[in-house]
Amino acid sequence: MVLHGLFLGLPLAALDIRTLPQQIVNGLLNGSIYALIALGYTMVYGILKLINFAHGEVFMLGAYTSLFVSWAFGFTPNATVEPQTQVWYLLVMIVASMTVSGLAGVLIERFAYRPLRNQPRIASLITAIGMSMLLQYGGQLFLPNSPPPNIDAMINPYRGNVNITLVKSNENLVAAMKSAEQTKLTADSAWDAQKKLEENSFYPSAKGQALQDAAQKADRDYIEAQGKYNNSGVSILMPVGRIITTVVTFILMGVLSYLILFTKRGRAMRAVSHDFDSAALMGINVNSIVTFTFILGSTLAGAAAMMDATLYQPGLQINTFFGLLPGVKAFVAAVIGGIGNVPGAVVGGLLMGVIESLVGWAGYTSWQDAAAFVVLIVVLLVRPNGLFGSTAAEKV
Amino acid sequence: MVASPPVSKSNPVAKSLVSGILSAVGCVALAFLVQYISGQFLSSYANGLVFQAATFVTLAVSLNIVNGITGQFSIGHYAFFQIGAYTTGALSLLFWKKFQGAANVPMQEDIWIVLMMFFGIITSAFAGWIVGLPSLRLRGDYLAIVTLGFGEIIRISAENFTFMGGATGTKIAPEKTVVWLAWLLAFAAIGLSRNLLKSVHGLAFLSVREDEIAATAMGVNITRTKVAAFVIGSAFAGAAGVLYAHQQTFISPDLFKMDGSFIVLTMVIFGGTGSITGSALAGASLFYLPEALRELPPVPFASLVGIVLGLIATIGALKRYSDQSHAKTSVKAATMIGIIVVGIVFMAILGKLLSFVPSISAHAPIQGSQLRLVVFAVTLIVLMLFRPQGVFAHHEFSWKWLRSVLARVLPKQKEGLSS
Amino acid sequence: MVASIGLASFMATGCKKGSSAASGGANPSSGGDTSGSTSMRKPMEGKGNSAKNGVITIGLVASETGDQKPWGEDSIKGAELALADFNAAGGIKGYKINLDIQDSQSIPAGAGNAAAKLISDGAVGIVGEVSSGNTVEIANRGFKAGVPVVAIGATMTKLTETQNNVFRVCYPDSFQGGVMATFAYQALGLRKVGVLTDNKLPYSQGLSRDFIRTFKKLGGTIVDQEKYEQGASTFSTQLTQLKAANPEAIFCSGYFTEVGPIVAAAHQMGLTVPFLGGDGWDSPKILTSGGKAILGDYFCNHYTNMDNSPVVQQFLKEWMQKYKSAPGTTMGALGYDAMKVTLTALKNCKTMDSVDLRNALANIQDLQCVSGTITLKGNNGTPNKRALVVKIVPMGPLGFQQPVVAYQPDPKTGLPVKVPLGSAAGS
């Protein structure tokens, strides 16, 4: 009770079991974006043992790229002509975003990390932090601040929801809803007729006031009845944009796993990850492998950024701090899964998403981010190398 | 051999005691001197800066105990700073008025703040202990994440802490810029670090940094050492937080953003991991850097682009040269200065040329203040590229060290001196 | 929840006591506010600055970098426009006015240092900032040094309560929250409302609190309260919770950067009830990010381009002439007003120093400003301005904010009272 009084946002929540399935699905869909970004963190860490703090900024650059491409297609905020909408725009955007992000990742590695490879790891880490700050604050000088893309509504032809009904709504409530709707329509039309006579409906005459009150009362009753009907069933609603995002995420993860597990280059990557120096002695071109890793990780971030900015959450504003929060969360996801481990990053990302959703479901949305970190600490205490991390002793 | 005379045996102890007392008194005197000078001769703005400099010196030196000396990578130092500030915030909201009424003594506010420092130290040291515990099992980067996460948890708790105004924050009393106390705290942190390094315990800390496995083999209790480092480091940060809170008087979660932890970490790295004087000097100077950069005039956009391109080229050339050249130090230094001069000329020419490009010259000039954090970030990257071990590396600043450095850079002068 | 709110308000009084003790401890001396007899405002401590060599320095603290850059830039433009107008109208004889702009980095500590810098540079008065957290720091520095501060968009209710050097040109959150609650309850006839707060923003937390307080007082119910954080990339958890609570409308007190996506996402998942908000919604970008979903929703604002009063139209004309595009946010108009108030007060000064300027500010009466008529005399630093409730309509030549109702604080109770729309300049 003391805690309850001292801290805001600790309602002793009434848990609503009917929204639980929806929230779990929300969590999984959210988690797939984290997973995609987390892959970049985890791969770079696996190879270089470096936390690439600038990864969030690579993500940010990807988002800007997709924004600029969309502008090139005519989706500017002040467009006078409604631009043509075509699906392949989306493909061009994602490819451009992946390319630019990949390039940014490679450049950062080449000029900020590679010269420091033989120095203590902390030096690269500081450079990474410096790089991140440089892109955030330096980017502000050149990049437009918070431009709204809103491409989803115009381009995405698959817009809409997929609705899965788990428990059907109580049909007995339909009659009540229908009658409430009738009353509402009658009252509304009476008020609408009167509204035409009034100059400003927010300063109604006495007669108008009475009609308005009646209409509003009927509206409230209708919403009440409608809510009762809707809440008597259990269903899961999935925006198609998010489903696309999740599917693309899993496809990219599949491609990545194939690259790592079944190609020559992937084997070389694993060798470098296992032992940097021995791999070099075995004739592996370590530099090219590191570059390749950065390309892979950064392209994935670019893909995530494009989907995040356009399909996933319509209308998100883009500024140079766009990558900060997703970056930190994805990073935590990578660590939960066991940093350096590809399936671990995916599981960690999905887990993060679900945990956040569940905390929100329990009524503590203001504690969502904190909960993620609490889980992180608990996981690390139980399994110090993350859920899927290798348990080999680290030589210091 | 002959038994040494008793005097020489007891002498070192007595001597160290005397010198200890003397230096303590000296520190107190110096702290009051700083307060007197900055209070008398400086504007309130500069006085505030003198105070904040001490706070950041304390933060940097205390983080150096965790990061530099013990080698535990903590990137959530601001959390302890915030805990100190919020401790005094809560206690002052509840009890300051009562105290003010009950104890009507001179320097009442200073006494209260000292009292609060005591509580701030307790709470933040406790938090440090909690965070230090996972280091039982975690190593390296994982610990970094835990400290980062802890920082976030503290920030979010503060946002939800309605007693202290939530995200808005709250005003606390008494408001006082206690310069002498801040500097005394900074001196204490420096002194404690120094004495730690000179003692047996300090060696245990260093051994944990250098090689945990070897340290265990030598019988060092790693857990206790790590936790002790965290507790000491966070206690100082907490005490600094108390002072900072009473200077700022309005405390809110915004004051303790995550960037702050990074900046303190940068100070430690900049000064040289493990170097106490390095951390202290870097703390003071890096804290002052953004303030000094306030004076930057607006930069035309073309010149800015020129500077950016020129800077990249110059740094690339410098890096390439310094990695590959095996010339004498003096020759090397001269060539590098030459490259820098050429680079600056290149920047100027490029900026002039670019100003003829219409789309670039049409861009509005960039306000100097917008460049402050950019300059900060660039400084960081450049430093890491050329001197990743920090300005002082593992060394401490002393006249002897300075002389040896000078001797290396200017060999001829040394010959002249010795002959 | 009742217990929690009760405790919170108890705490609030607690800290008010604390802060008055703070400023009282050092200077129990004479005076009090010239403007109000029952004022709790303590006289500022320092002697302040004065004009030097015929140059009067006015400081402006603005967020040139960081999260609040769009607001900061507009506030600078507005202030510079006001200064240009003032100089064109003759200025002050024998003096040149120098506008010294310092960056706050959008953080309180940066704002505090910027203010300290301005004070040591000899600023007679300081204008700024657009957010409350930053303004508090500036106000404290000004209080200690004896320099008056005119806040631009700081709506935090307690801002002007304890120090007599602090003034503002906007309405406080307590009024804005009350206006939206009254509008929701009386004009829209809503009884069950959900609240969505940006937990990272002091502004949003305070506004939600004030909305909830008034809405409950009027007899309404808050069915659900959810929080998100600025910079979050998804709001599905919060919206799912809100939808399950079946509200008749949602009060969303954050900034437009997040409100647009929130409303768009809500509509996509079938939550199509009206959304209500505060002046943080004010930006044309809310239309492009919110799409069609945001049309028809209401928020509270200081002024709107669609206001056809001559003052507003004149201001718009000048702005367009100077900057080639309409002001992006309200902070343009408020920056202009804050500067105008300061300069007008300066003109009434005799000795051109901080103390004189403060007294002149405290005596500003019936000054026609872009965002309404401002009277600081007898109001303890916060003008009793009218607030507009505007409806979001498709972008037209005059913007997208159609004024629907105007509210004016009742002089006795401070509660919002409906006033005729036409008198946009207020009374």
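Start by selecting A:Pro115: leaving aside residues up to four places away in sequence, it touches B:Lys319 and B:Leu385. Touching, or being in contact, is a matter of C-beta atoms placed from the backbone and lying within 7 Å of each other. You are looking at a predicted model, where local features need pLDDT of at least 70, side-chain atom pairs count only at pLDDT 80 or more, and totals for chains, interfaces and linings use all residues. Residues are numbered from 1 along each chain as its sequence is written, and chains are lettered from A, with ligands numbered from 1, in the order in which they are written.

Stay on A:Pro115 and show the backbone around it. The residue is found in the loop between α4 (87-113) and α5 (121-142) of chain A. Helices here are DSSP runs of H or I with at least four residues, strands are runs of E with at least two, and both are numbered from the N terminus. Is A:Pro115 buried or exposed? A:Pro115 is buried, because 21 other C-beta atoms lie within 10 Å; the cut-offs are 20 or more such atoms within 10 Å for buried, 12 or fewer for exposed, and partly exposed in between, with C-beta atoms placed from the backbone. Now draw a distance to A:Phe53, 62 residues apart along the chain: the C-alpha atoms are separated by 17 Å.

**The B–A contact**

The contact takes 38 residues from chain B and 37 residues from chain A. On the chain B side, color α5 (140-159), α8 (212-217), α10 (258-271) and α15 (372-386), the elements that give two or more residues each. Which of them gives the largest share? That is α5(B), with 10 residues. Color the chain B side by class and you get 22 nonpolar, 9 polar and 7 charged residues. The classes go like this: Ala, Val, Leu, Ile, Met, Phe, Trp, Tyr, Cys and Pro are nonpolar, Asp, Glu, Lys and Arg are charged, and the others, Gly among them, are polar.

**Around chain A**

Take the contacts in chain A between residues at least 6 apart in sequence: 81% join residues at least 24 apart.

Next, color chain A by domain, with bounds from an automatic or database assignment: domain 1 is 30-161 + 239-337 and domain 2 is 169-232. The C-alpha centres of these two domains of chain A lie 49 Å apart.

For a stop inside a helix, pick A:Leu48 in α2 (residues 20-48) of chain A. A:Leu48 is buried, with 21 other C-beta atoms within 10 Å. Its C-alpha atom is separated by 70 Å from that of A:Lys195, 147 residues along the chain.

Then select α3 (residues 55-72) and α13 (residues 324-337) of chain A. Their axes come within 8 Å and cross at roughly 135°, the axes being lines fitted to C-alpha atoms over the stretch in contact, with angles running from 0 to 180 degrees between N-to-C directions. That makes α3(A) oblique to α13(A); under 35 degrees would be roughly parallel, over 145 roughly antiparallel, 65 to 115 roughly perpendicular, and the rest is oblique. Show A:His55, A:Gly56 and A:Phe59 of α3(A) with A:Leu324, A:Pro326 and A:Gly327 of α13(A) to see the contact. It has 3 nonpolar, 3 polar and no charged residues.

**Over to chain B**

Chain B comes to 17 helices and 2 strands, and 50% of its 419 residues count as buried. Pick out α2 (residues 44-69) and α11 (residues 276-292) of chain B, whose axes come within 8 Å and cross at roughly 135°. Residues to show here include B:Phe56 and B:Leu59 of α2(B), and B:Phe287 and B:Tyr288 of α11(B). By class, the contact of α2(B) with α11(B) has 13 nonpolar, 5 polar and 1 charged residues.

**Last stop: chain C**

Where chain C meets chain A, the contact takes 42 residues from chain C and 46 residues from chain A. The chain C side has 15 nonpolar, 20 polar and 7 charged residues.

Finally, color domain 1 (35-171 + 311-374) and domain 2 (174-301 + 387-419) of chain C. Their centres, taken over C-alpha atoms, are separated by 28 Å. How many residues are in contact between them? In chain C, 11 residues of domain 1 are in contact with 13 residues of domain 2.

Key: Two residues are in contact if their C-beta atoms, placed from the backbone, lie within 7 Å.
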